[in-house]
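Here is a short briefing on one protein model. Please keep the sequence and the coordinates in view while reading.

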Amino acid sequence: MRKLTNLGSALVVAMLVAGGMVTFSAPIEAAGPGGGRSGEALCALLANAEVVALALPDSEFKTALLANIDEQQAALGCAQ
């Protein structure tokens with residue numbers, strides 16, 4: 001029974017890591033000229049990060065994270 005609990009915990013952690021990788025990665029097609037990420041791709045990543053940050057409980061960390069995301073979006077000229 002103990003092995004099943006450890007396996008379940010490992011699966012949950014693996015799912016969280018995989019979910020984070022999918023959420024915060026851009027599609028290959030989103031790469032701009034020269035292999036860098038385009039502004040549109042970065043804006044899309046920041047929009048996804050903002051959605052995830054909004055789901056966090058209210059805290060100083062959440063406020064600072066959202067402020068940082070807003071600054072990055074403003075610097076890139078993302079539509080908000």
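The points below cover the disulfide, the salt bridge and a surface patch.

The model is predicted. The count of disulfides comes to one, and the count of salt bridges also comes to one. A nonpolar patch made of Val13, Val17 and Met21 lies on the surface.

**Disulfide**

- Cys43 and Cys78 form the disulfide, with sulfur atoms 1.9 Å apart.
- This pair links distant parts of the chain, 35 residues apart.
- Cys43 sits in helix α2 (residues 39-54), while Cys78 is in the segment after α3 (60-76).
- The torsion about the S-S bond of Cys43 and Cys78 is about -85°, so the disulfide is left-handed.
- Both Cys43 and Cys78 are buried.

**Salt bridge**

- Lys62 pairs with Asp58 in a salt bridge.
- The closest N and O atoms of Lys62 and Asp58 are 3.3 Å apart.
- Lys62 counts as buried because its relative accessibility is 10%, and the cut-off for buried is under 20%.
- Asp58 is exposed, because its relative accessible area is 71% and exposed means over 50%.

**Nonpolar surface patch**

- Val13, Val17 and Met21 together have about 300 Å² of accessible area.
- Val17 belongs to helix α1 (residues 2-23).
- Val17 has 48% relative accessibility, so it counts as partly exposed.

Notes. Residues numbered from 1 in each chain as written. Predicted model: local features only at pLDDT ≥ 70, side-chain atom pairs only at ≥ 80, totals over all residues. Heavy atoms only, no water. Patch = residues over 30% accessible without salt bridge, like charges linked within 9 Å, V, L, I, M, F, W, Y side chains within 5 Å. Areas by Shrake-Rupley, 256 points an atom, 1.4 Å probe, with all protein chains shown as cover. Salt bridge = Lys/Arg side-chain N within 4 Å of Asp/Glu carboxyl O. Helix = DSSP H or I, 4+ residues; strand = E, 2+ residues; numbered from the N terminus. Buried < 20%, exposed > 50% of the residue type's maximum accessible area, 1.4 Å probe, protein only. Disulfide = S-S within 2.5 Å.
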